[in-house]
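Welcome, and thanks for taking a look at this one. Have the viewer ready, and let us walk through the model together.

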Amino acid sequence: MTSVTSANPSTSSTYFSQIAAERVDVALCRVSTQVAKAMDAAFGDARLSVSQHLVLGMLARVGAVSQQELSEQLRIDRSVMVGCIDGLEDAGFVRRERNPHDRRAYAVVPTGAGLAALEEVDRGMTDRLDRVFGALSPSERAEFGRLARKVLDV
């Protein structure tokens with residue numbers, strides 16, 4: 001049986017710094033957690049999930065589209081997308097309408113309330129994300145974004 005000894009305070013206080021320097025996956029997971037917390041705080045009263053925010057953002061930019069298109073473009077699993085859209089619909093942020101070009105299909109349409117919630121959330125998000133990435137200069141932020149898009153192959 002292995003005995004547990006008390007950790008050396010100087011070693012334990014630097015462990016995260018060491019592991020984050022050695023493993024980019026750990027560092028990126030922690031950055032992702034910080035971004036998710038900032039987004040959750042920005043979403044506040046709107047009670048949107050990250051996926052729902054992405055859906056509303058896409059609908060605001062491109063207009064009504066099918067759930068399948070939302071799923072493919074946003075890289076959200078189709079089974080998750082159904083719950084995402086159901087939640088947005090229950091909140092009155094989107095509605096499903098028959099596609100006029102294909103009566104078998106539905107299009108997801110943003111409502112005025114959904115667009116207003118998106119606008120409110122986006123106003124608060126900029127400041128919060130500025131705090132998360134505040135240690136980076138504007139050029140470093142641009143490079144970080146470029147590298148992230150490269151990893152995501154977009």
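## Ground rules

This is a predicted model, in which local features need pLDDT of at least 70 and side-chain atom pairs count only at pLDDT 80 or more, while totals for chains, interfaces and linings use all residues. Residues are numbered from 1 along each chain as its sequence is written, and side-chain values use heavy atoms, with hydrogens and water left out.

## Overall fold

You will find 8 helices and 2 strands in the protein. Read from the N terminus, the order of elements is α-α-α-α-α-α-β-β-α-α. Both kinds of element are DSSP runs, numbered from the N terminus: helices are H or I with at least four residues, strands are E with at least two.

Of the 154 residues, 25% are buried. Here buried means under 20% relative accessible area, exposed means over 50%, and partly exposed is in between (1.4 Å probe, protein chains only). The accessible surface comes to about 10600 Å², and carbon and sulfur atoms account for 54% of that; areas come from the Shrake-Rupley method with a 1.4 Å probe, and for residues only the protein chains shown count as cover. Among contacts with a separation of 6 or more, 46% are between residues 24 or more positions apart, where contact means heavy atoms within 4.5 Å.

## The largest pocket

The largest pocket holds about 960 Å³ of space and is lined by 23 residues, with Val-35, Phe-133, Phe-144, Ala-148 and Leu-152 nearest its centre. Helices α3 (24-43), α4, α7 (112-132) and α8 (138-152) are the elements that give two or more residues to this lining. The most comes from α8, with 8 residues.

For the method, a 1 Å grid is laid over the protein atoms alone: a pocket is an open set of points where a 1.4 Å probe fits, with protein on both sides within 12 Å along at least five of seven lines, and lining residues have an atom within 4 Å of a point. Grid points are joined across faces, edges and corners, and the volume is the space filled by probe spheres set on the points.

Val-132 belongs to helix α7 and is partly exposed because its relative accessibility is 23%. Beyond neighbours within four places in sequence, Val-132 contacts Gln-34, Val-35 and Ala-38. Val-132 and Ala-38 are 94 residues apart along the chain, yet their C-alpha atoms are separated by 7.4 Å.

Phe-16 sits in helix α2 (residues 15-22), and at 43% relative accessibility Phe-16 counts as partly exposed. Setting aside residues up to four places away, Phe-16 touches Val-26 and Arg-30.

## Gln-52 and the cysteines

A polar atom of the Gln-52 side chain lies 3.0 Å from the backbone nitrogen of Ser-49.

Cys-84 is itself buried, at 5% relative accessibility, whereas Cys-29 is partly exposed at 44%. The structure holds 0 disulfides, a disulfide being a pair of cysteine sulfur atoms within 2.5 Å.

Technical notes:
Polar contact = N/O pair within 3.5 Å; in protein donor to acceptor, adjacent residues only side chain to side chain.
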